[in-house]
Amino acid sequence: MLHAISVPNTCIPYPRSRCFSQRNRGSTRLCVRASLPDNNDRFKVEYTPWLIVGLGNPGNKYHGTRHNVGFEMIDQISQVEGIALNTIQSKALIGLGAIGEVPILLAKPQAYMNFCGESVGPLAAYYQVPLRHILLIYDEMSLPNGVLRLQPKGGHGHHNGVKSVMGHLDGCREFPRLCIGIGNPPGSMDMKAYLLQKFSSVERNQINAALEQGVEAVRTIVLNGFSHKITRFNLGQKYKYHKV
């Protein structure tokens, strides 16, 4: 059952990125927090929340298509971490939970791909999530099918969904992203038709494997940030289909 969010009028402030302008800050009513008391209960460790957003198009018509792998990754994280996606806020289907002690907000924008920033910008402002903790997950044609790549920042790469998100973050590009390779259209196939096409059985197996690997990558980023493990992850992904 879906329900609209209703929250108390409380807030715990977090540091904000200078890249957000005042118009995006608004009146924040709630911040997600997880606390870990020490053995003597003298102090608590507070964690800055993560906003993890998968890009895609809503509706059964687009389910399982190449352009919707971002949605699939969110569903996979939701299942593995036991976080129910059961709330509508800022034109997005969201779920609140945690990875370890770190609070996370999963989101699937329900506006179409070209307007997904209308969800990301307001959610980031509402929950006071800094840019460095907004993880965007989306399809990437420049990567072979099923190959993943984690980046701490980047441009939009002519991806309309990423363009929309950047537009609603004041043009900022300093947020991490997890790209899921879907390959290029064969021959002279129309790009739009290719993006809205479903995977072949071989491609689907590669995507399913990538989704499992992606959950572990997301856990690593949330718990440890962009450490040397991410460099090794990207290198392993780059050559995982290369025969030695």
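**A walk through the fold**

Asn-68 lies in the loop between strand 4 (50–54) and helix 2. Helices (H or I, at least four residues) and strands (E, at least two) are DSSP runs, numbered from the N terminus. This is a predicted model: local features need pLDDT of at least 70, side-chain atom pairs count only at pLDDT 80 or more, and totals for chains, interfaces and linings use all residues. Residues are numbered from 1 along each chain as its sequence is written, and side-chain values use heavy atoms, with hydrogens and water left out.

Is Asn-68 buried or exposed? Asn-68 is buried, with a relative accessible area of 3%. Buried means under 20% relative accessible area, exposed over 50%, and partly exposed in between (1.4 Å probe, protein chains only). Setting aside residues up to four places away in sequence, Asn-68 touches Leu-55, Gly-56, Asn-57, Tyr-62 and His-63. Contact here means heavy atoms within 4.5 Å.

Now step back. The protein has seven helices and 10 strands. Of its 244 residues, 50% are buried. Take the contacts between residues at least 6 apart in sequence: 71% of them join residues at least 24 apart.

Next, the interior. A nonpolar core is a set of buried Ala, Val, Leu, Ile, Met, Phe, Trp, Tyr and Cys residues joined through side-chain atoms within 4.5 Å. The largest such core has 34 residues, and Ile-52 and Ile-137 have the most contacts inside it. Helix 6 gives the largest share of this core, eight residues. Beyond its neighbours within four places in sequence, Ile-52 is in contact with residues including Ile-74, Ile-104, Leu-135, Ile-137 and Val-222. A second, separate core has 27 residues, among them Ala-124, Tyr-126, Val-162 and Cys-179.

Val-162 is also one of the buried residues of helix 4 (residues 160–167). The buried residues of helix 4 pack against helix 3 (117–126) and strand 8.

Ile-230, Phe-233 and Gln-237 are buried. They cover an arc of only 55° around the axis, which puts them on the same side of helix 7. That arc is taken from the directions from the helix axis to the C-beta atoms. On the other side, His-228, Thr-231, Arg-232, Leu-235 and Lys-238 are exposed. The buried residues of helix 7 pack against strand 9 (148–151) and helix 6 (201–224).

Finally, the pockets. On a 1 Å grid over the protein atoms alone, a pocket is an open set of points where a 1.4 Å probe fits, with protein on both sides within 12 Å along at least five of seven lines; lining residues have an atom within 4 Å of a point. The largest pocket has a volume of about 460 Å³. A volume is the space filled by probe spheres set on the points. Of its 18 lining residues, His-67, Asn-114, Asn-160, Met-191 and Leu-195 lie nearest the centre. Helix 5 supplies the largest share of the lining, three residues.
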